[in-house]
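Hi,

Here is the structure I promised to send over. Have a look at it first, and then read my notes below with the viewer open.

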Amino acid sequence: MFLTNNFMKFLTLIYGALRDLIIRYLPNFNKDKDFFVFLAHPRNLKDATHKFSFLKILPKPILLLFLKHMWPVRASELTGFKDLSGKSIKGYFIVISMLPEQILQNKKYATKKIVQAVKLAEKIGANIVGLGALTSSITGGGKDLLGIVNVNLTTGNTLTSCVTFLDVQNIAKAKGIDLNNETVAIVGATGSIGSAVSMLIARDYKAKLVLVGRTMSHIESLKKEIAEIRGGGNVEVTDSLDKISSASIVIVATSSSLAFIQSKHLKAGAIVYDITQPRNVSNEVFKERNDLTMIDGGLVKIPHARINFNVGLPEGVFFSCLTETMILSAEKEFDKLSLGHVELAGVDFIQDKFNKYKFALYNTQ
């Protein structure tokens with residue numbers, strides 16, 4: 001019976017994969033356009049074999065080759081989410097099977113896979129596609145896909161920026177930290193999330209900000225924006241991770257392999273809030289430093305909704321970027337898409353929607 005059940009699961013998975021391949025080449029018969037799609041990719045080999053468990057028997061070189069060349073497929077349906085009127089809004093996870101290192105090593109090829117995934121979403125009738133993890137950063141925050149695909153796109157970075165700011169604010173209060181008198185470092189400060197979080201902190205607090213980025217001219221431009229917001233300075237800009245050792249709170253908002261945070265970069269007792277998937281904090285930090293408060297950030301709780309697929313999160317917990325996709329799909333607010341730069345007005349808008357749906361912050365509920 002065990003073998004029979006596993007064989008039937010295998011056939012079901014193969015059928016689904018072939019179906020999703022064929023659909024991309026068929027006309028779009030689904031005119032409903034009343035649901036969302038979220039794109040994702042495995043963070044590691046363990047993630048990659050959750051859906052196709054039979055892949056575990058393959059030698060690693062063959063498995064990596066399979067993951068690189070496998071076409072995008074629907075991994076799961078998302079259920080239990082309802083709009084403000086009580087109408088059920090369904091969605092799908094579409095997975096690009098490439099690992100992060102494969103994506104970063106061949107961005108052009110990975111972009112081709114992302115386009116295939118979005119085309120699949122178009123054909124099954126999605127009204128919006130959320131770009132998760134590296135599918136956002138390697139497509140210029142979705143802007144590189146404009147004119148190539150014919151469906152609304154969002155990175156979800158606006159809600160992620162909002163949740164990050166609210167979490168950091170609440171965590172600081174819970175620990176008795178006054179953000180007006182502390183140093184906060186933002187790694188990846190010139191990215192869409194990093195810049196928005198920097199400006200949100202500058203708008204409400206007088207904390208010293210250490211802005212870390214790769215291009216000094218971009219960081220200097222952000223420094224000027226912050227000076228206009230708070231009417232003054234107390235901002236340090238740098239392209240070196242060594243400078244974050246003065247910060248009591250470190251926000252990690254970059255997917256760059258050149259900004260991998262190690263134990264030597266972190267002050268004793270620091271709070272490290274990492275929104276990256278996969279993490280940009282070395283595993284050695286977790287082993288070596290029990291004085292740090294390490295937080296996987298950008299998470300929200302939607303109690304009655306289900307992903308129905310193992311994405312490494314507790315039940316009822318969702319990524320902020322996915323949650324924004326869900327909200328925009330339900331509200332049909334397609335003029336509020338997160339593409340490229342995040343505006344503070346957009347953060348205020350999505351926070352209002354977040355509150356109306358009565359979602360909860362996972363890390364500070």
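Predicted model: local features only at pLDDT ≥ 70, side-chain atom pairs only at ≥ 80, totals over all residues.

**The five-stranded sheet**

With that in hand, start with the open sheet of 5 strands, whose order is β2-β3-β1-β4-β5 and whose pairing is mixed. Its edge strands are β2 (73-78) and β5 (152-154), each of which pairs on one side only. From one strand to the next, the twist averages 25 degrees.

Helix α5 (residues 107-124) packs on this sheet and touches β1 (35-40), β2, β3, β4 (126-131) and β5. The direction of α5 makes about 165 degrees with that of β1. Helix α11 (residues 320-331) lies across β1, β2, β3, β4 and β5 too, running at about 160 degrees to β1.

Now zoom in on β2. It is joined by 5 bridges to β3 (residues 91-95), and the two run antiparallel. If you want a residue pair to click on, glutamate 77 has tyrosine 92 in β3 as its bridge partner. Is β2 buried or exposed? Of its 6 residues, 5 are buried, so β2 is largely enclosed by the rest of the structure.

**The six-stranded sheet**

There is also an open sheet of 6 strands, in the order β8-β7-β6-β9-β10-β11, and here the pairing is parallel. At its edges stand β8 (235-238) and β11 (293-296); each has a single partner strand, so one side of each is left without a neighbour in the sheet. Neighbouring strands are turned by 15 degrees against each other on average, direction ignored.

Valine 184 has leucine 209 in β7 as its bridge partner.

Two helices to pick out here are α7 and α8. Helix α7 packs on the sheet, where it touches β9 (249-252), β10 (271-274) and β11, and its direction makes about 160 degrees with that of β10. Helix α8 lies across β6, β7 and β9 and runs at about 170 degrees to β7.

**Two helix pairs**

How do α7 and α8 sit relative to each other? The axes of α7 (residues 157-174) and α8 (residues 192-204) come within 9 Å and cross at roughly 40 degrees. On the α7 side the contact is made by Asn157, Thr160, Ser161, Thr164 and Phe165, and on the α8 side by Ser192, Ile193, Ala196, Val197, Leu200, Ile201 and Asp204. Sorted by class, that contact has 6 nonpolar, 5 polar and 1 charged residues.

The other pair is α11 and α12 (344-356). Their axes come within 11 Å and cross at roughly 80 degrees, and α11 and α12 are therefore roughly perpendicular to each other. Here Glu324, Ile327, Leu328 and Glu331 of α11 meet Phe349, Ile350, Lys353 and Phe354 of α12. The residues of this contact divide into 5 nonpolar, no polar and 3 charged.

**Two loop residues with positive phi**

Alanine 133 has a positive phi of about 50 degrees although it is not a glycine. You will find alanine 133 in the loop between β4 and α6 (134-137), and at 34% relative accessibility it counts as partly exposed.

Lysine 332 is the other one: its phi is near 55 degrees, again a positive value in a residue other than glycine. Lysine 332 is placed in the loop between α11 and α12, and with a relative accessible area of 44% it is partly exposed.

Cheers

Notes: Residues numbered from 1 in each chain as written. Heavy atoms only, no water. Pairing = 2+ DSSP bridges. Helix = DSSP H or I, 4+ residues; strand = E, 2+ residues; numbered from the N terminus. Axes fitted to C-alpha atoms, helices over the stretch in contact; angles between N-to-C directions. Contact = heavy atoms within 4.5 Å. Nonpolar A, V, L, I, M, F, W, Y, C, P; charged D, E, K, R; others polar. Buried < 20%, exposed > 50% of the residue type's maximum accessible area, 1.4 Å probe, protein only. Parallel < 35°, antiparallel > 145°, perpendicular 65-115°, else oblique.
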